[in-house]
Amino acid sequence: MKLFKSFAIVAFAASFLFNCGSSSGVISTPIENIDTLPLKVSELTEAEKQHWGHLDLKRDTIPGMSVDRAYDEIIKNKKGSTVIVAVIDSGIDIDHEDLQGSIWTNTKEIPGNGIDDDNNGYVDDIHGWNFLGDGYNEQLEYVRLLASGDTSHPRYAEAKAERESEYTKYLGIKTNYEQFLQQITNADDALQKETKKENYTKEDVDAISTNNQTLKQYIAIAKYVYSMDFDSLKDAIKDISEGLEDITDRLNYNLNVDFRGRKTGDNPDDMVEKFYGNNNVKPIKPSESHGTHVAGIIAAGRNNGKGANGVANNVKIMSIRAVPNGDEYDKDVALAIRYAADNGAQIINTSFGKYYSPHSDWVRDAIVYAASKDVLIVNAAGNEAADLDTKDVYPNDAIGTGPEVSDNFISVGSLDPKYGSGMISSFSNYGKINVDIFAPGGEIYSTYPENTYKSIGGTSMASPAVAGIAALIRSYYPKLTAPQVKKIIMDSGLALTTKVMIGGDPSNVKPFSDLSKSQRIANAYNALILAEQTARNL
């Protein structure tokens with residue numbers, strides 16, 4: 001679910017190359033009457049860009065979750081209880097400076113003694129468990145279907161056609177990226193020489209006067225790069241290079257029928273083999289960053305002078321490494337959910353998904369098991385701009401639009417910081433039945449491996465935002481059950497009737513109220529008010 005800025009310029013790259021070679025006592029009032037707000041016309045400041053998901057729609061005209069307002073007016077200096085949030089994802093950099101004090105430790109285990117002290121089947125699971133072992137790169141699920149050779153499978157022909165289409169598409173994108181990367185690198189070299197500065201500015205470029213046609217072309221490239229919100233050509237080169245790395249991985253691993261990535265020694269089609277993997281919950285390579293980013297959205301230290309603020313205080317992150325660079329295995333997901341539920345997690349965040357799932361029943365059974373342990377699961381809706389009422393996505397808590405297997409699963413779509421018609425992230429899935437609520441997910445600033453920070457967009461970022469609200473509710477109102485917390489989040493969101501674009505397409509406009517079950521955007525301030533009212537009535 002990683003999205004890079006450089007994906008947005010691939011169309012330009014192609015055309016350019018073609019043409020140019022509270023506890024009791026809460027008295028706060030819920031936020032209402034949102035649809036009467038004026039549109040925000042000014043650009044976000046850098047501080048707003050890095051913090052927009054915590055801002056207040058009514059006060060700031062930015063569709064954040066009113067997190068800061070919740071702390072200022074409701075939480076204040078109240079003490080809540082500790083909440084364990086399991087993040088099922090790629091590895092998490094548990095040594096990150098902004099996650100210190102926010103990592104779960106299994107106190108029933110003695111570190112490093114090689115003994116399963118708590119008898120849960122997982123040896124030395126100090127901060128969680130790694131169901132991927134030493135592996136990371138993986139095929140997509142429909143490519144695994146092709147690799148199985150099972151031509152009798154009802155979706156085999158569909159999988160074959162999809163793989164051929166995707167492989168051809170990404171080969172073309174790779175070529176465009178490589179060519180545009182070369183063009184922008186050449187432009188950067190030329191502009192350094194022209195300005196006699198290694199780190200020249202936009203103003204330096206604007207000041208260049210020349211009749212040299214090649215230099216004019218490089219200036220045009222630079223100006224377009226600046227228009228894409230890059231601060232420099234070097235930043236663009238870095239971002240495009242990362243995008244190119246992702247595309248290369250897509251071709252070499254995700255779409256490669258002959259690739260075999262699993263390194264755990266178990267049979268992923270056999271649930272009898274459960275105790276595999278190891279206790280290393282950290283990333284095994286620097287680019288394995290997704291889990292770290294997700295964890296920071298939930299639990300990065302608040303107001304500690306470091307890079308990002310998490311939504312929730314009083315949180316301990318249980319790291320469960322089960323999401324590879326490719327599609328996750330149903331078996332790993334099912335066991336990860338059960339591991340989290342058995343080891344004290346009260347909330348599970350699942351920022352991943354796929355559209356083929358050979359053992360989806362295993363995962364639904366695990367969701368029901370988590371419900372029996374009063375665990376809330378918060379899930380990313382996905383990034384295909386698809387209607388999930390007509391397209392199946394996994395994991396889910398229902399078959400199609402059928403009845404839900406439990407009431408502990410909440411699916412989250414993504415918002416951009418643009419109140420009005422452009423509010424829905426162009427990539428976000430939606431569905432009046434199968435998506436529950438929307439939350440900030442566009443270009444969210446959070447923790448990144450090795451004590452760095454980065455803005456990334458995706459429903460992967462919207463899901464932990466809602467998980468953070470759930471953690472606040474369970475911290476300050478611990479008697480509330482998982483279904484009650486889900487209902488509070490959905491009922492307390494800001495209801496909108498605004499018409500919005502789907503997939504960033506101005507010709508595809510729908511009422512916001514048609515895109516999710518709640519018809520709302522998540523709001524921490526309102527959620528805590530409703531949680532207080534609900535807790536009083538227990």
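Q: Which residues do ring pairs link into a cluster?
A: Happy to start there, keeping in mind that this is a predicted model. The count comes to nine aromatic pairs. Ring pairs join these residues into a cluster: Tyr122, Trp129, Phe131, Phe275, Tyr276 and Tyr339.

Q: Is the pair of tyrosine 122 and tyrosine 339 stacked or edge-to-face?
A: The ring centres of tyrosine 122 and tyrosine 339 are 5.2 Å apart, with the planes at 85°. Planes over 60 degrees apart count as edge-to-face. The pair is therefore edge-to-face.

Q: How many residues apart are tyrosine 122 and tyrosine 339?
A: Tyrosine 122 sits in the loop between β1 (83-89) and β2 (128-130), while tyrosine 339 belongs to helix α11 (residues 330-342). The pair thus links distant parts of the chain, 217 residues apart.

Q: Is tyrosine 339 buried or exposed?
A: The cut-off for buried is under 20% relative accessible area. Tyrosine 339 has a relative accessible area of 2%, so the residue is buried.

Q: Which residue lies over the face of tyrosine 356?
A: Here we look for a charge over a ring. At 3.7 Å from the ring centre of tyrosine 356, the residue over the face is arginine 155.

Q: What volume does the largest cavity have?
A: The largest cavity is lined by 16 residues, with Val393, Asn396, Asp397, Ser411 and Asn434 nearest its centre. This lining divides into six nonpolar, five polar and five charged residues. The volume of the largest cavity is about 160 Å³.

Note on methods:
Residues are numbered from 1 along each chain as its sequence is written. This is a predicted model: local features need pLDDT of at least 70, side-chain atom pairs count only at pLDDT 80 or more; totals for chains, interfaces and linings use all residues. Side-chain values use heavy atoms; hydrogens and water are left out. On a 1 Å grid over the protein atoms alone, a cavity is a set of points where a 1.4 Å probe fits but cannot get out, and a pocket is an open set with protein on both sides within 12 Å along at least five of seven lines; lining residues have an atom within 4 Å of a point. Grid points are joined across faces, edges and corners, and a volume is the space filled by probe spheres set on the points. Ala, Val, Leu, Ile, Met, Phe, Trp, Tyr, Cys and Pro count as nonpolar, Asp, Glu, Lys and Arg as charged, and the others, Gly among them, as polar. Rings of Phe, Tyr and Trp (its six-membered ring) pair if their centres lie within 6.5 Å; planes under 30 degrees apart count as stacked, over 60 as edge-to-face and the rest as tilted. Helices (H or I, at least four residues) and strands (E, at least two) are DSSP runs, numbered from the N terminus. Buried means under 20% relative accessible area, exposed over 50%, partly exposed in between (1.4 Å probe, protein chains only). A charge sits over a ring if NZ of Lys or CZ of Arg is within 6 Å of the ring centre and within 35 degrees of the ring normal.
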